[in-house]
Amino acid sequence: MPLVDIAKKIEKSRDKLGFSPSEQILMACMVNPRGTVAAIAAGGMVGAAIRAKVDKNAAAANGGGHAAAWPGGRNMLAITSQRLVLCAMSTLSGKPTSISASWPHEAIAGIEVESAATRYPFTVVFVDGTMAQAEGAKGSGADQLPAVVAQIWS
């Protein structure tokens with residue numbers, strides 16, 4: 001059982017976020033730019049803030065393709081029966097506020113998931129050859145990521 005049930009938070013906001021009634025949420029978790037947990041360990045919150053800025057600039061410099069739409073910073077990720085969705089969230093309440101990016105399953109060639117001590121680093125490989133990297137936070141439902149990925153993109 002996750003410490004924070006991100007899927008439940010997204011489910012409660014599904015109408016506001018614009019999910020279709022037929023769209024089933026298969027899993028959800030908090031995601032950060034890849035390396036954020038290590039940056040916090042090495043440099044505290046300042047290190048994490050610097051890492052988030054670097055990630056945002058790298059996404060902007062990607063030069064196009066599906067991966068260029070991947071937002072930097074902390075997001076809520078949901079894999080639904082139809083698509084992969086990233087939601088922006090309120091800093092104060094931790095509730096999802098809007099969909100910041102989404103891709104239908106057909107736009108994704110696969111997702112490579114690793115497991116580390118405190119996180120699940122992953123790489124989304126899009127059909128256009130571009131890639132986006134992030135990490136799912138342990139304790140937020142990211143432990144379900146490998147099984148759902150295998151179910152959809154195997």
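**Exercise 1.** Determine which charged ends sit over the rings of Phe-19 and Tyr-120 in this predicted model.

*Solution.* Step one takes Phe-19: the charged end of Arg-83 is placed over its ring, 5.1 Å from the centre. Step two takes Tyr-120, where the charged end of Lys-138 sits over the ring at 4.9 Å from its centre. Both assignments rest on the cut-off of within 6 Å of the ring centre and within 35 degrees of the ring normal.

**Exercise 2.** Classify the aromatic pair formed by Trp-70 and Trp-103, and state where each residue lies.

*Solution.* The structure holds 3 aromatic pairs. In the pair of Trp-70 and Trp-103, the centres are 5.4 Å apart and the planes make 15°. Planes under 30 degrees apart count as stacked, so this pair is stacked. Trp-70 belongs to the loop between helix 3 (36-60) and strand 2 (75-80), and Trp-103 to strand 4 (residues 96-104); the two are 33 residues apart, and the pair links distant parts of the chain.

**Exercise 3.** Are Trp-70 and Trp-103 buried or exposed?

*Solution.* Buried means under 20% relative accessible area. Trp-70 has 7% relative accessibility and therefore counts as buried. Trp-103, at 3%, is buried as well.

**Exercise 4.** Classify the pair of Trp-70 and Phe-122, then name the cluster that contains them.

*Solution.* The centre-to-centre distance is 6.3 Å and the planes are 65° apart, which gives an edge-to-face pair. Phe-122 lies in strand 6 (residues 119-126), 52 residues from Trp-70. With a relative accessible area of 1%, Phe-122 is buried. Finally, Trp-70, Trp-103, Phe-122 and Phe-126 make up one aromatic cluster.

Conventions
Residues are numbered from 1 along each chain as its sequence is written. This is a predicted model: local features need pLDDT of at least 70, side-chain atom pairs count only at pLDDT 80 or more; totals for chains, interfaces and linings use all residues. Side-chain values use heavy atoms; hydrogens and water are left out. Rings of Phe, Tyr and Trp (its six-membered ring) pair if their centres lie within 6.5 Å; planes under 30 degrees apart count as stacked, over 60 as edge-to-face and the rest as tilted. Helices (H or I, at least four residues) and strands (E, at least two) are DSSP runs, numbered from the N terminus. Buried means under 20% relative accessible area, exposed over 50%, partly exposed in between (1.4 Å probe, protein chains only).
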